[in-house]
Amino acid sequence: MAHFTRPIEQYGPLLNVLLTVSAPRMVALDEMKKPIPQGFVAYGLVDTGASCTSIDPVVIEALELQPINKVSMVTPSTGPDPILVNQYDIGVTIYSSEDQEPMRIPALPVCESTLRNQGFQSLIGRDILSLCLLFYNGATQQYSLSF
């Protein structure tokens, strides 16, 4: 099982993720002889309160993504009334260390959310965390993630 331990930073438990177009989209672009956008290296905030992983519009623009759906979302800033947000299909890679295999999710539906002003470009939600073991140690200001 791959794992890493990192410090809990000012913004919380951040990790580096590589966000790409989804595997099916890569195949479709390749078949159409169209260029595949470069992956986007982003900071992701581990967020146990988020049911869905979210990405900032800067990622959407860099990966030239098109919405696949609209979904209802409730956040602390929306209050009790849900808002409709765009949903996109992406690939996600989380690295542990150079000598361990990364966690690769070839296709994951994610939600759009403006995040960049908070110091990160992605929220890592329970859709990804459900595949992991997360240990948050506030006493030592570290967290560990295994997958």
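1. Basis. The model is predicted, so that local features are reported only at pLDDT of at least 70 and side-chain atom pairs only at pLDDT 80 or more, while totals for chains, interfaces and linings use all residues. Residues are numbered from 1 along each chain as its sequence is written, and side-chain values use heavy atoms, with hydrogens and water left out.

2. Serine 122. This residue is found in strand β8, residues 122–124, where strands (E, at least two residues) and helices (H or I, at least four) are DSSP runs numbered from the N terminus. Serine 122 has a relative accessible area of 0% and is therefore buried, a label given under 20%, with exposed meaning over 50% and partly exposed in between (1.4 Å probe, protein chains only). A polar atom of its side chain lies 3.2 Å from the backbone oxygen of serine 54. Leaving aside residues up to four places away in sequence, serine 122 touches Leu19, Tyr43, Gly44, Leu45, Thr53, Ser54, Ile55 and Leu115, contact being heavy atoms within 4.5 Å.

3. Cysteines. The count of disulfides comes to zero, a disulfide being a pair of cysteine sulfur atoms within 2.5 Å. Cysteine 132 is in no disulfide, and the nearest cysteine sulfur, that of cysteine 52, is 15 Å away. Cysteine 52 counts as buried at 17% relative accessibility, and cysteine 132 counts as buried at 18%.

4. Serine 144. This residue lies in strand β10, and its side chain is joined to that of threonine 5 by a polar contact of 2.7 Å. A polar contact is a pair of N or O atoms within 3.5 Å; within protein, one must be able to donate a hydrogen and the other to accept it, and residues adjacent in sequence count only if both atoms are side-chain atoms.

5. Glutamine 10. Placed in the loop between β1 (3–7) and β2 (14–21), glutamine 10 is exposed, with a relative accessible area of 73%.
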